[in-house]
Amino acid sequence: MKFTESITDVIPPQTVEEIMGTIDRSEKIVITTHLSPDGDALGSSLALYHYLRNIGKKPRIIVPNSFPYFLKWMKGANEIDIYEYNPGAAKKILSNADLIFSLDYNISKRAGDMGMIIDASHARKILIDHHLAPGNNFDVIVSHPEISSTSELIFRLLFQAGKYESLNQAEAECIYCGMMTDTGGFTYNSSEPEIFEIISLLLRKNVDKDAIYSQVFHNYSADRFRLLGFTLSQRMEVYPELHSALIHLSRDDQSPFRYSKGDTEGFVNYPLSIKNIIFSTFIREDEGLIKLSFRSQKTFPCNEFAAEFFNGGGHLNASGGEFYGTYEDALRTYSMGLKKYEQKLKEANGEQ
Ligand code: 5GP
Ligand code: MN
């Protein structure tokens, strides 16, 4: 058996054909992604960007706001336009586009103010994403919540279109980075065998996976590390009977550690290392809003919790939300929500 024969056609072949045809016919292509772009958002966007450049297109990437320093090593990252820095220029590019890709988000609201401009543009719109419930204002929808990253979907798109042979190292590195970050370095949501078949195919393109791991996960400032220590020792509440833990940081907590964007990335995962904890929440006071991150294990739907109390959503085991109000009210809303979910938490942990 030839190794590559075992990759399933997850995207319907006629959709692959339609996307490739649309790319061929388009000149002004813009790739967009969600607010606070993460490794998968940038990995999928940059991989597609490199592919388009290699076939002679001149795509742009516009992201709603800035992204963390440990993702800046990715090839092409310094060519990304940031909407928030120059909304007027970004609006012009989006309004004049003939094709807009929406990667790693399901509805335009997830792109912040930029979402409305995308909605208003007359461009053809292609969604490629792995979140539940895709919006309907797209011409083509590739939505696969069962796939662990959008970057994997970009790989599948190119692979199914017969572009694997011409896939280059930069594209492969970006795809690998997105697959790695959305699965916590392949520690969750990554038991599908084909994920590792795809990784094997990426490694054949000279991806140095250990170097990428180091760039992303061994690249923190000492301040960030001290902030982690402070958070876990001083700002963590554990509710053993509810199998839940909360970590929280006010703005005053953050300032002695010179908080910089991305510094708290991954913090929410730590409480899940505590025995019998299946639901972890991180509440962080940001400028003008309270940002929440949720992680869960087993069948506990942290996306439902995010949607019900914090205007958010996401995946079953990884979700997020926002709260507009005081930090104290956000903490109270969490406590109230936790009580309401007591039964679900116990059920998810196998108790009656
Ligand atoms: P993180 O905790 O890493 O910021 O986000 C985890 C996941 O939660 C993201 O991949 C995304 O699916 C979802 N998410 C994060 N923030 C929000 C939000 O404000 N609204 C919604 N709907 N989903 C979010
Ligand atoms: Mn993703």
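Predicted model: local features only at pLDDT ≥ 70, side-chain atom pairs only at ≥ 80, totals over all residues.

Helix α2 covers residues 39-54 and helix α5 covers residues 150-160. They pack at an angle of about 25°. Their axes are 7 Å apart. Angles under 35 degrees count as roughly parallel, hence the label.

Which residues of α2 and α5 meet? From α2 we have D40, G43, S44, A47, L48 and Y51. From α5 we have T150, S151, I154 and L158. The residues of this contact of α2 with α5 divide into five nonpolar, four polar and one charged.

Stay on α5 and look at helix α6, residues 169-181. Here the packing angle is about 140°, with the axes 7 Å apart. That makes α5 oblique to α6. On the α5 side, the contact uses S151, E152, F155 and L158. On the α6 side, it uses E171, C174, I175, G178 and M179. The count for the contact of α5 with α6 is five nonpolar, two polar and two charged.

D104 lies in the loop between β4 (99-103) and α4 (113-120), and H130 in the loop between β5 (124-129) and β6 (140-143), so the pair ties together parts that are 26 residues apart in sequence.

Are D104 and H130 buried or exposed? D104 is buried, at 2% relative accessibility. H130 is buried as well, with a relative accessible area of 1%.

The loop between β5 and β6 also holds A133. Its phi is near 55°, a positive value in a residue other than glycine. A133 counts as exposed, at 57% relative accessibility.

H243 also has a phi near 55°, again positive and again not a glycine. You find H243 in the loop between β7 (236-239) and β8 (244-249). H243 counts as buried, at 6% relative accessibility.

On to helix α11, residues 302-310. Which residues of α11 are buried? They are C302, N303, F305, A306, F309 and F310. Those residues cover an arc of only 160° around the axis, which puts them on the same side of α11. Why would one side collect them? An α-helix has 3.6 residues a turn, so residues three or four places apart point the same way.

What covers the buried residues of α11? The cover includes four strands by name: β9 (279-285), β10 (290-296), β11 (313-314) and β12 (318-323). It also includes the helix α12 (327-340). Just after α11, N311 takes a positive phi of about 55°.

Strand β9, part of that cover, contains E285. E285 counts as partly exposed, at 21% relative accessibility. Leaving out residues up to four places away in sequence, E285 touches L249, S250, R251, Q254, I290 and Y327. E285 and Y85 are 200 residues apart in sequence and 22 Å apart in space, C-alpha to C-alpha.

Y85 turns up again as a contact of S66. S66 sits in the loop between β2 (60-63) and β3 (81-82). S66 is buried, with a relative accessible area of 16%. Again leaving out residues up to four places away in sequence, S66 touches S36, P37, I82, Y85 and K261.

Last stop, Y213 in helix α8, residues 209-217. Y213 is partly exposed, with a relative accessible area of 38%. With residues up to four places away in sequence set aside, Y213 touches M180 and H218. Y213 and H131 are 82 residues apart in sequence and 24 Å apart in space, C-alpha to C-alpha.

That's my tour. Questions, please.

Methods:
Residues numbered from 1 in each chain as written. Chains lettered and ligands numbered in written order. Heavy atoms only, no water. Axes fitted to C-alpha atoms, helices over the stretch in contact; angles between N-to-C directions. Helix = DSSP H or I, 4+ residues; strand = E, 2+ residues; numbered from the N terminus. Contact = heavy atoms within 4.5 Å. Nonpolar A, V, L, I, M, F, W, Y, C, P; charged D, E, K, R; others polar. Buried < 20%, exposed > 50% of the residue type's maximum accessible area, 1.4 Å probe, protein only. Arc of directions from axis to C-beta. Parallel < 35°, antiparallel > 145°, perpendicular 65-115°, else oblique.
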